[in-house]
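Biologist: I have a new model open and would like to go through it with you. Can we start with the sheet?

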Amino acid sequence: MSPPQEQDPRLASLDPMPGRVVAGNFRIDKLIGAGAMGNVYKALQLSLGKPVAVKVLHHHLLKNDRLVGRFKREAKSAALLNHPNSIQIIDSGEDSDGTLYIAMELLTGRDLAQVIHNDFPLPLLRVARIMTQVMSALDEAHAQGVIHRDLKPSNIMLIERRGEKDFVKVCDFGIAKATLTDEEDDRSAMLTVQGLVCGTPEYMSPEQARAEPLDGRADLYSAAVILYQMVTGDLPFDADSAMGIISRHLADPPEPPSERRRDLNIPPEVDQIVLRGLEKNRDLRFPNAVAFREAIETMLGGTGGSAAPAPANVRAAMPTARDMATPIDTATVPARDAGDRFATTADMTSRPSSARQKALVIAGTALLLGGSAVGAIATARVRRAQMSERAPAAAAASVPVAPAPPVAAPAPPPEAHAAVEAAPAELPTAPPARDSRSKRRALSNRDTTPRATAAAPAAPAADVHADAKAVAPAAPAPPEPAAPATRGPREVLAEAEKLLAQGEIGEACARGEEAKRLAPKSPPAHKFLGKCYMRAGRTREANDNYKLYLELAPNAADAPFVKSMIR
C-alpha cells in the first residue's frame, strides 16, 4: 500500500464506495489514496471497532486476468509476512459483487520520499536506524520466499510507535512474487502490464531490467539506491526517459556518494557499503539482507529500531580538542570489545594507563628526541664533507696557468652561439611541489643528499695546450620531436564514458563517434553510441547503433535487452 494521500473532495464525491460495507465487516469511510490498480480507503472494521485501510481493485480491471492475479498475489505475499517492520494484512478476498479487496493496518506518518525531501541532509545515525529496519523487513520477506521487486522511498512509511519515531513499515507488495509458492513465470510481463509500470526504473536492479529470474539480491540493489539517495539527496542514475535510466543501471558505474556531494564530508565507509550494494553483478553484492544490515550497523553506527534519537549531526557527538583536555570519568564510559576497530578518541583516552604504558610513552618520546639529534648531527657532517670537497677544487681553480700560445681559431658559426645561448632556457625545470608536505620532502632531500656535481679538479697542463678546435663548444644537436601519443578506441571510449557520467552528453557522443571511426567494427563503440544517443533523445541514431551492435555481437549476454530497446 502506498502512503495515504488526501484526495480532492470533488473526486471523492463521485466514488460509490464510501458508506458501503465490504465483506460484511469493513465499512468504507473515505478515500485516502488512489493508484493505477486501485483505491485505498480509510475504513472501520466493524467486528473490532478498529480503523483500518482497505485497498480495492478498480472495477474496470476485474476482467483483466493478469491484473487480478497480481492483486491477489499482493495479498498472498504480504499475508506471509509477520514482522513489525512489514505492513500487516488483516483480511483479503472477494465481495459478493466481485469486488476484490485487501484490508490492512492503517498507517499515519510520512513516507521516506517526503522525509528525504523535507529533512535533508539526514544524520548518518538516522539513516542507519531507518535502513537497518528496512533490512530486517526484507530479511523476513526473503526468508518466506517473497521478493518485493518495487522497493522505493514512497513504499517505506515512517510512523511513530509507542513514542519511538522513525519506526519503519515496508509497504506495497503489489508486484511481489512468492518464489516458493508461486510457480507462474511472469518474466515476460515484468516491465509493463497493460501500460502499468511493474517496477520503478530509478530503483530497478540490472537483472530485473533484463527480465531475468530474481532473488532477494534484487531488493538489496534497490535498497542500495535508496541508501545512496538518503546520504546524497540524489539518485545514482538519471536520464530523460525510463529506458535511458535503465540503460545506465545496466552499464554505467555509479559515482561514489562522497564525490557526488563533496560538501557533506561523507565517510569512505559509506562509499564502500553503497558501491557494493550497487554492483551490476549480483554475486558481488551483499549475499543477503542480514549481511547488508550488519555492514550498516558496523560502519555507520546503526543501532536498529530501538536506538535513542540521533544527534543533529554525527560529528557533533565526537569530542573536540577542548573536550580531550578535560579528564573523563571512566566510570561513565561503556566498555568496548578489545577488537573494536571503531573506538572513538574519547574511549581511547578514558582507559586507565598502567605503569608499563607510561614507561613506553616516555621511552618513545626519548627515541624521537634522540632520532632528531642524530639526524641533525648527520646533516652537519654531510654539509662539512661537501664544503671540504669544494675547497680543493676552488684552490686548484685559483692557481695561475701559463697562457697558451695564440692560435688562430675560426670563429664558431652564428648558429652555434644561438644554440648555446638557447640551451639554458630549454633545460627541464622541476615541477612545483603540490603541497607543503611535498615542499618539505624536496627541501629535506636537497639538504641531506651529498652533492654529486662538485667542482671538478683543474685539467692538466697538457690539456690546456690542446688544439683550439677541441676547446670550441660544438652546437648541440636539436632534440628529436617526441612521438605524438596515440589514442586507441579503448582510450577514446573510456573518455566518452567519463563525459557521459558527468552529464556531457554531446561531448560523449562525439568521443563515441571518434572511437567508432578508429574501430568501425567495435561492438562496445556501437553499444555506447546507442546508449549515448538514447540519453540525448536521438532515437534514430540510437536504434542504428544498437542494430549494428547486435549484428557484431549477436550472442552478447545483453542482446535480448538491447533488442527490447530498439523502437
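Predicted model: local features only at pLDDT ≥ 70, side-chain atom pairs only at ≥ 80, totals over all residues.

Biologist: How many bridges join strand 4 to strand 6?
Modeller: 5 bridges join strand 4 (residues 50–57) to strand 6, and the two run antiparallel. Strands here are DSSP runs of E with at least two residues, helices are runs of H or I with at least four, and both are numbered from the N terminus. Two strands pair if DSSP finds at least two bridges between them.

Biologist: Is strand 6 (residues 100–105) enclosed or open?
Modeller: 6 of its 6 residues are buried, so strand 6 is largely enclosed by the rest of the structure. Buried means under 20% relative accessible area, exposed means over 50%, and partly exposed is in between (1.4 Å probe, protein chains only).

Biologist: What holds strands together in general?
Modeller: Strands of a sheet pair through backbone hydrogen bonds, either parallel or antiparallel.

Biologist: And how many bridges does strand 1 make with strand 2?
Modeller: 2 bridges join strand 1 to strand 2 (residues 26–34), running antiparallel. V21 stands opposite R27 in strand 2.

Biologist: New topic. Where does N85 lie?
Modeller: N85 is in the loop between helix 2 (65–79) and strand 5 (89–94). N85 is buried, at 7% relative accessible area.

Biologist: What does the N85 side chain reach?
Modeller: The side chain of N85 reaches the backbone oxygen of V168 at 2.9 Å. Residues that N85 touches include Q133, S136, F167 and K169, not counting residues up to four places away in sequence. A contact means heavy atoms within 4.5 Å.

Biologist: Now charges. How many salt bridges are there?
Modeller: The structure holds 27 salt bridges. Each is a side-chain nitrogen of Lys or Arg within 4 Å of a carboxyl oxygen of Asp or Glu. R110 pairs with D119, with the closest N and O atoms 2.8 Å apart. R110 is partly exposed, at 31% relative accessible area, and D119 is partly exposed too, at 26%.

Biologist: Are D166 and R129 buried or exposed?
Modeller: D166 is buried at 11% relative accessibility, and R129 is buried at 8%. Their side chains meet in a salt bridge (3.8 Å, N to O). D166 lies in strand 10 (residues 164–170) and R129 in helix 4 (residues 124–143), so the pair ties together parts that are 37 residues apart in sequence.

Biologist: And what about D283 and R217?
Modeller: Their side chains meet in a salt bridge at 2.9 Å, N to O. D283 is in the loop between helix 9 (268–277) and helix 10 (289–299), R217 is in helix 6 (residues 217–232), and they are 66 residues apart. Salt bridges that share partners join R210, E212, D215, R217, R282 and D283 into one network.

Biologist: Last topic. How many residues are in the largest nonpolar core?
Modeller: That core has 65 residues, and those with the most contacts inside it are L112, M131, M230 and F292. A nonpolar core is a set of buried Ala, Val, Leu, Ile, Met, Phe, Trp, Tyr and Cys residues joined through side-chain atoms within 4.5 Å. F292 touches several residues, among them M135, L220 and I273. A second, separate core has 21 residues, including V492 and L499.

Definitions and conventions
Residues numbered from 1 in each chain as written. Heavy atoms only, no water. Polar contact = N/O pair within 3.5 Å; in protein donor to acceptor, adjacent residues only side chain to side chain.
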